[in-house]
Amino acid sequence: MNEDIPELPNHEQSTLDAAFTSLSGSVSRSASELDQEAFRLHWLGRKQGRLKLISEAWLKSAPPEAKKALGIRFNQLKQQIEAVLETPTSAPKAPAEQGIDITLPGTLRAPGIPHPLLKTMHEIVQVFHHLGYSTNLGPQVESDFYNFEALNFPPNHPARDTPDTLVIAAQQTRPSRDRLLMRTHTSPVQIRTMIAQAPPIRIVIPGKVHRNDAADATHSPIFHQVEGLCVDTNITFSDLKGTLDHAMKALFGSDVKTRFFPSFFPFTEPSADVQISCIFCGGKGCRKCKHSGWIELLGCGMVDPAVFAAVTAERRKTDPSDDVYNPEKITGFAFGMGVERIAMVQHGISDIGHFYSGDMRFLEQFA
Ligand code: DAH
């Protein structure tokens with residue numbers, strides 16, 4: 001099979017056709033004479049492969065106007081060679097012939113699991129879905145209006161300053177309400193929802209939030225919250241208490257007790273912090289609950305009429321007679337909880353950093 005490189009007398013179409021027909025014939029012939037590896041080496045071998053030798057010789061001596069026609073034909077020839085190599089030559093060998101021991105156990109691939117934070121976030125959302133709530137989402141890059149102004153934060157509230165809030169650069173030329181920032185809580189989605197939708201409303205809002213906080217055992221500059229909002233006629237503080245008491249029992253077990261402490265949030269009035277009886281000591285007092293018997297878990301309250309007023313002002317931009325959020329006719333409650341905090345209590349985790357470390361020894365415990 002050590003033929004010389006054939007000569008190409010000229011570059012007329014008919015000469016090229018004849019030359020390539022002959023080459024194609026020798027491809028077919030060698031395909032039946034050689035085994036697949038020898039055939040591959042003969043035609044495609046890196047150094048002595050005939051395809052390379054012939055194409056180099058022919059292309060080098062060709063005038064520029066003939067190069068294209070040659071190129072096309074060499075490509076066709078190469079395809080013919082590759083087609084031969086792709087055709088199986090004989091029946092595949094049985095595993096034993098290939099030296100494979102089919103009695104050995106296979107490679108075990110553990111299926112992935114939801115991240116513990118997502119699992120807890122899903123559990124919280126699920127509790128409220130069962131009460132008839134639906135899920136709403138909003139953007140993480142938010143404007144001052146939704147994150148602060150409409151939620152009744154006064155203009156110079158410390159939360160609005162950069163020590164607390166991660167703001168987007170180069171916003172100074174914009175009016176204050178349009179300046180962009182990373183949302184510091186999921187509460188802005190309450191506003192977005194009410195502007196878009198008339199009561200009754202029952203929604204939960206899971207999502208990522210950002211604060212200008214240094215990371216330590218209980219803080220992370222990025223964390224997760226689930227917000228809730230319920231607006232309808234005759235919603236009272238006892239509806240809020242009943243709903244959250246049920247949710248805490250669903251998440252931590254039916255033995256858990258809840259208590260509500262007066263607190264302050266600009267967007268709820270009255271506001272409360274919710275505590276649950278310590279799930280580690282049953283309320284007797286231990287290190288985890290700092291010997292108080294109670295663990296503080298979330299904030300809540302009755303929607304402040306100032307929030308309804310901000311929503312109404314926005315809705316009136318499209319319908320001047322809009323009055324569906326008149327606080328004389330409807331009331332509502334809201335709540336917000338940190339997913340990391342709930343997951344840490346659920347699993348007795350003492351360092352928030354474990355959630356973000358990607359350490360398999362930590363994550364595998366949730367499989
Ligand atoms: N937005 C509050 C925070 O991030 C949490 C919160 C408290 C949400 C009370 C609420 C609420 O809806 O009523 O700290």
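## Salt bridges and a helix pair

At 6% relative accessibility, D322 counts as buried, where buried means under 20% relative accessible area, exposed over 50% and partly exposed in between, with a 1.4 Å probe and protein chains only. This is a predicted model, in which local features need pLDDT of at least 70 and side-chain atom pairs count only at pLDDT 80 or more, while totals for chains, interfaces and linings use all residues. Residues are numbered from 1 along each chain as its sequence is written, and side-chain values use heavy atoms, with hydrogens and water left out.

**Salt bridges**

- The structure holds 15 salt bridges, a salt bridge being a side-chain nitrogen of Lys or Arg within 4 Å of a carboxyl oxygen of Asp or Glu.
- D322 is joined in a salt bridge to R315, with 3.1 Å between the closest N and O atoms, and R315 also counts as buried because its relative accessibility is 13%.
- Between D178 and R177 the side chains form a salt bridge of 3.9 Å, N to O; D178 counts as partly exposed at 33% relative accessibility, and R177 counts as partly exposed at 27%.
- R177 and D178 also belong to a network of salt bridges that links them with E314 and K317.
- In the salt bridge of E82 with K78, the closest N and O atoms are 3.9 Å apart, and both residues lie in helix 4 (residues 64-86), 4 residues apart, which is about one turn of the helix.
- E82 counts as partly exposed at 32% relative accessibility, and K78 likewise counts as partly exposed, at 35%.

**Helix 1 and helix 2**

- Helix 1 (residues 13-33) and helix 2 (residues 36-44) have axes that come within 10 Å and cross at roughly 155°; helices are DSSP runs of H or I with at least four residues, numbered from the N terminus, and axes are lines fitted to C-alpha atoms over the stretch in contact, with angles running from 0 to 180 degrees between N-to-C directions.
- That crossing makes helix 1 roughly antiparallel to helix 2, a term that applies to angles over 145 degrees.
- The crossing of the two helices is right-handed, meaning that the near helix is turned clockwise from the far one by less than a right angle.
- Helix 1 contributes L23, S26, V27, S30 and A31 to the contact, and helix 2 contributes F39, H42 and W43, contact meaning heavy atoms within 4.5 Å.
- The residues of this contact divide into 5 nonpolar, 3 polar and no charged, with Ala, Val, Leu, Ile, Met, Phe, Trp, Tyr, Cys and Pro taken as nonpolar, Asp, Glu, Lys and Arg as charged, and the others, Gly among them, as polar.

Conventions
Parallel < 35°, antiparallel > 145°, perpendicular 65-115°, else oblique.
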